[in-house]
Amino acid sequence: AEEKTKGPFEPKYEDYQKVYKTIAKLLEEKDEYDDGSYGPVLVRLAWHCSGTYDKETGTGGSNGATMRFAPEGDHGANAGLKAARDFLEPVKEAYPWISYSDLWILAGVTAIQEMQGPHIPYRPGRSDRDLSFCTPDGRLPDASKEQKHLRAIFGRMGFNDQEIVALSGAHALGRCHTDRSGFDGPWTFSPTTLTNDYFKLLVEEKWQNKKWNGPKQFEDVTTKTLMMLPTDMALVKDKSFKQYVDKYARDNDAFFKDFSDVVLRLFELGVPFTQGEDARWTFKSSFDEAA
Ligand code: DDH
């Protein structure tokens, strides 16, 4: 049979699964960072790309990877995310066909799954844009504020109370760094594994104002090693938020289901996909492969 003339390379599911595996392998190898994993900071990178979305103007969102450029990369909220972008640079070099914007979101998906979270279905279709597409500063949440601010910021992206609470469960992962946000410490005892512990701790622990010369934050009375931000505490102060905190604290499966659904939507904000919703892919994690 005659060989088909080679057209431009059109990456398929298998090609993206290869990129996934490369990121997963790098996560395993580079285990000397922070609490032993780049996973949390990769999740934060994907969220900060997506969380700039404004549904009224259609601007912002994960299309564009405009955080590569100084105005957006230097926004206070993005402090420290260079570590995540640099981590992914060798992956971009190995697979030059993938856009930065698709890569950063795929890395968020990979990190969640490799930290034992739920599968997050994914579609490619983001393209990199120039610095004129950088969003103005102030679109991401301010941790010193409370429920009114949360509803304004996440409402602008199109999310309701239940979705705000589900998304906040990502704080089971990672920590605050004084040289990045000014806040200090992890939210849970297992910051490199996704669980519903953030919600359990919010309702089961007693939290007190931390006495220190940093910004206002809370510490657990029992060990004084965990932290909550004012925005985290707002989720138990506000009745409408609290019902979902209680639900996710009781039921990890419900949290995983709702978290997957809402993160999928977060990661797709502002993207002009050509593939339909039925064309989303679910990648195999290391845990699936071991099974
Ligand atoms: Fe967050 N987050 N986040 N966050 N976030 C920080 C760290 C991490 C807020 C503030 C902070 C989400 C929502 C909110 C992650 C994921 C997500 C830090 C510390 C602050 C401050 C940064 C540092 O010092 O390094 C606020 C405020 C909100 C809110 O108002 C709801 C959401 C929705 C997500 C998500 O992924 C869906 C992750 C992961 C981290 C840990 C990063 C790390 O390096 O570790």
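This is a predicted model: local features need pLDDT of at least 70, side-chain atom pairs count only at pLDDT 80 or more; totals for chains, interfaces and linings use all residues.
A residue counts as buried when its relative accessible area is under 20%.

The 15 residues of α5 reach 20 Å from the first C-alpha to the last, close to the 21 Å expected at 1.5 Å a residue. Just after α5, Q116 adopts a positive phi of about 70°.

Helix α1 comprises 17 residues (residues 13-29). At 1.5 Å a residue it should span 24 Å, and its end C-alpha atoms are 24 Å apart, so the two values agree.

The buried residues of α1 are D15, Y16, Q17, V19, Y20, I23, A24, L26 and L27. An α-helix has 3.6 residues a turn, so residues three or four places apart point the same way. The cover over the buried residues of α1 includes α2 (39-50), α4 (82-94), α5 (100-114) and α12 (286-290).

## Packing of α1 against α5

The axes of α1 and α5 lie 9 Å apart, and the two helices pack at an angle of about 60°. Because of that angle, α1 is classed as oblique to α5. The crossing of the pair is right-handed.

On the α1 side, the contact is made by Y16, V19, Y20, I23, A24 and L27. The α5 side contributes D102, L103, L106, A107, T110, A111, Q113 and E114. By residue class, this contact of α1 with α5 divides into 10 nonpolar, 2 polar and 2 charged residues.

Definitions and conventions:
Residues are numbered from 1 along each chain as its sequence is written. Side-chain values use heavy atoms; hydrogens and water are left out. Helices (H or I, at least four residues) and strands (E, at least two) are DSSP runs, numbered from the N terminus. The expected span of a helix is 1.5 Å times one less than its number of residues. Buried means under 20% relative accessible area, exposed over 50%, partly exposed in between (1.4 Å probe, protein chains only). Contact means heavy atoms within 4.5 Å. Axes are lines fitted to C-alpha atoms, for helices over the stretch in contact, and angles run from 0 to 180 degrees between N-to-C directions. Angles under 35 degrees count as roughly parallel, over 145 as roughly antiparallel, 65 to 115 as roughly perpendicular and the rest as oblique. A crossing is left-handed if the near helix is turned anticlockwise from the far one by less than a right angle, and right-handed if clockwise. Ala, Val, Leu, Ile, Met, Phe, Trp, Tyr, Cys and Pro count as nonpolar, Asp, Glu, Lys and Arg as charged, and the others, Gly among them, as polar.
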